[in-house]
Amino acid sequence: MLAERNYELGKRRYVLGAIAFAVVFIYVLRLFSLQLLSDDFKRNADSNAFLRRIQYPARGGITDRNGKLMVYNQPAYDIMVVMKEQEGIDTMGLCNALGITVEWYEKRMEEIKDRNRNPGYSSYTEQLFMSQLNTEEFSAFQEKLFRFPGFSIQKRSIRQYTMPYAAHILGDVGEVSPSDIEADDYYRSGDYIGKLGVERFYEKQLRGEKGVEILLRDARGRIKGKYQNGKMDRAPEPGRNLTLSLDLDLQALGERLMTGKKGAIVAIEPATGEVLCMVSSPTYDPRKMVGRQRGANSAKLYSDPARPLLNRAIMGQYPPGSTFKTSQGLTFLQEGIITPGTAYPCSHGFRYGGMKVGCHAHPAPLPLIPSIATSCNGYFCWGLYHMFGNRRRYKTIQDAMTTWKDFMVSMGFGYPLGVDLPGEKRGMIPNADYYDKAYGKDWTSLSIISIAIGQGEVLLTPLQIANLGATIANRGWFITPHVVKHIQDEQLDTMYTHRRYTKVQPSYYQYIVEGMRKAVTGGTCRGANTSMYEVCGKTGTAQNPHGRDHSAFMGFAPMDKPKIAVCVYVENGGFGAHFGVPIGALIMEQYINGKLSEGSEAQARAFENRHTISIQDGTE
């Protein structure tokens, strides 16, 4: 019995010893984790002795293609607060010094402490209290700063825009949201980030790298100087400068011409894919989107029924109308449906069975080149009818539709082109599945014949239409359109330097070019004709079920060594010759000649005063 009792006691000692060892091991492991693996403990301890003050870099500047300054930085000052150190200050004195109310002060303090709105909040670290004081406000408050322990002033820069142009391309800069902070640990509450345009797309290049200044504090939190005489400080690295492909004078003219209208102008340099101007109308002054009034001005723009914040050049999805006929002619040639000499009848349009698509009066029948010059609806409807009904080449109409869709995609339709701006839309190129669901398996070309003339379900953005013009100018290839020409110390993405080829042989493009040239010399684009250089163009009058038709123009110049391709799209502008052609002609003249002639300038002033909408209420 005694032996059994001693054995039990011995066993209990081992168990108790093991438990004690496990407890000690857990404590040691936790201490090891806190002191060596995690910096939380060290950071909280250091916060009593050190103040790490962020040094913000200068954001990269932005110029146009000719070196004209568009965006620069201006000094501004933020008021920072360390919550643990400001307890017991003269709140009323602080409010009077800053020109704020006690209610605003209390509300701001609660916002700072709210970890949902301010992730990573710590009462020991600097928090943004008030942002973007100008030089006068900063000077007035600095004299009284000693009276308010825990508060300090931090210098940074804010954006300034030199001109009231290109708001949709430039974008703006605003305070980071909680989702921005969660997505990128570069940011903390109170930081600024690009919100729209190139400011957003090239945020990482523009923002630079933050620096840090480490200050030593005594037991009462008073600053005693730099830690180790600044040896541990890190200077900020300024952001990279951007050179845009925009021509600022051309952009200014485009915005003038679109005054009082809804729509867009896009001009591209065919050889490089560089966007020379991108106008979306109505627009707004980017200078109103800076400073502490940014929030109020932004709210007004969001509530404006004319939707000035919408970049119609890349987000507007419109029926391209007759500008689309060029892509159809190319497809029919490549697929062997037509030859350049193939002629089709046009009895005031396309007529087959009970189907009718109207057309204006012109000689008929016509082969390809004059059908483009006169913008014959019947010609391209017959072409699509014969393509989709060709059972020797395509087993089913679905096979023909898939082939057609693949040609359209190769020309840059149906998907975003990839321009270096956020928010680009894809437009709409229907496929066989789309029509199978809409009509069942037994649909025919007559069910969808209007897509041959850029109507029906087909939708393109003005950027895609301009890119079509650039592709024809290049005789079968394009470079992805882009608005940034150069990034300081960095190469552009290869997608903005490599050619993209369509599925059509280059030789077929010459017939389309000839048709577009004849449209200018004696067809629907006569208003663009000039003796200075050879213009090629194509009008578009896109049907609009909600009101007056849309006016469109797509063209390029000169014909053989093209410098510019342009799309003009004016909502509710009527025939393409009413707004699209003359505006497009002025854009080409400004860029090729560097200025407008006296007569053209008078015409530009007249178009500036021709409105299709009321800017006051955004109505037609």
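## Close-up views of a predicted model

**Cys376 is buried, because its relative accessibility is 1%.** This view, like those that follow, is drawn from a predicted model. The structure as a whole holds 0 disulfides. Cys376 accordingly takes part in no disulfide, and its nearest cysteine sulfur, that of Cys346, lies 3.6 Å away. A disulfide requires two cysteine sulfur atoms within 2.5 Å, so the separation matters here.

**Cys536 is a further cysteine that is in no disulfide.** The nearest cysteine sulfur to that of Cys536 belongs to Cys525, at a distance of 9.7 Å. Cys536 has a relative accessibility of 0% and therefore counts as buried.

**Glu199 and Arg159 are joined by a salt bridge between their side chains.** A search of the whole structure finds 27 salt bridges, and the pair shown here has an N to O distance of 2.9 Å. Glu199 belongs to helix H8 (residues 197–201) and Arg159 to strand E5 (residues 151–161), so the pair ties together parts that are 40 residues apart in sequence. Both Glu199 and Arg159 are buried. Side chains of opposite charge can pair when their charged atoms come close.

**Asp180 and Lys195 form a salt bridge.** The closest N and O atoms of Asp180 and Lys195 are 3.7 Å apart. Asp180 is found in helix H7 (residues 178–183), whereas Lys195 is in the loop between strand E7 (192–194) and H8; the pair therefore ties together parts that are 15 residues apart in sequence. Asp180 is buried, with a relative accessible area of 9%, while Lys195 is partly exposed, with a relative accessible area of 27%.

**A salt bridge links Arg207 with Asp184.** The closest N and O atoms of Arg207 and Asp184 are separated by 3.0 Å. Because Arg207 lies in helix H9 (residues 203–207) and Asp184 in the loop between H7 and E7, the pair ties together parts that are 23 residues apart in sequence. Arg207 is buried, as is Asp184.

**Arg59, Arg159, Glu199 and Glu203 belong to one network of salt bridges.** The salt bridges that join Arg59, Arg159, Glu199 and Glu203 share partners.

**Five strands form an open sheet with antiparallel pairing, in the order E12-E11-E20-E19-E18.** At the edges stand strand E12 (274–281) and strand E18 (536–542), each of which pairs on one side only. On average, and with direction ignored, neighbouring strands of this sheet are turned by 5° against each other. Strands of a sheet pair through backbone hydrogen bonds, either parallel or antiparallel.

**Strand E19 (residues 550–557) pairs with strand E20 (residues 564–570) in the antiparallel sense.** The pairing of E19 with E20 extends over 7 bridges. Ala552 stands opposite Tyr569, which is in E20.

**Helix H10 (residues 248–257) lies across strands E11, E12 and E20.** Strand E11 spans residues 263–269.

**Helix H20 (residues 580–593) lies across E11, E12, E18, E19 and E20.** The angle at which H20 runs to E20 is about 150°. In the order of the sheet, E20 stands between E11 and E19.

Conventions:
Residues numbered from 1 in each chain as written. Predicted model: local features only at pLDDT ≥ 70, side-chain atom pairs only at ≥ 80, totals over all residues. Heavy atoms only, no water. Buried < 20%, exposed > 50% of the residue type's maximum accessible area, 1.4 Å probe, protein only. Salt bridge = Lys/Arg side-chain N within 4 Å of Asp/Glu carboxyl O. Helix = DSSP H or I, 4+ residues; strand = E, 2+ residues; numbered from the N terminus. Pairing = 2+ DSSP bridges. Axes fitted to C-alpha atoms, helices over the stretch in contact; angles between N-to-C directions. Contact = heavy atoms within 4.5 Å.
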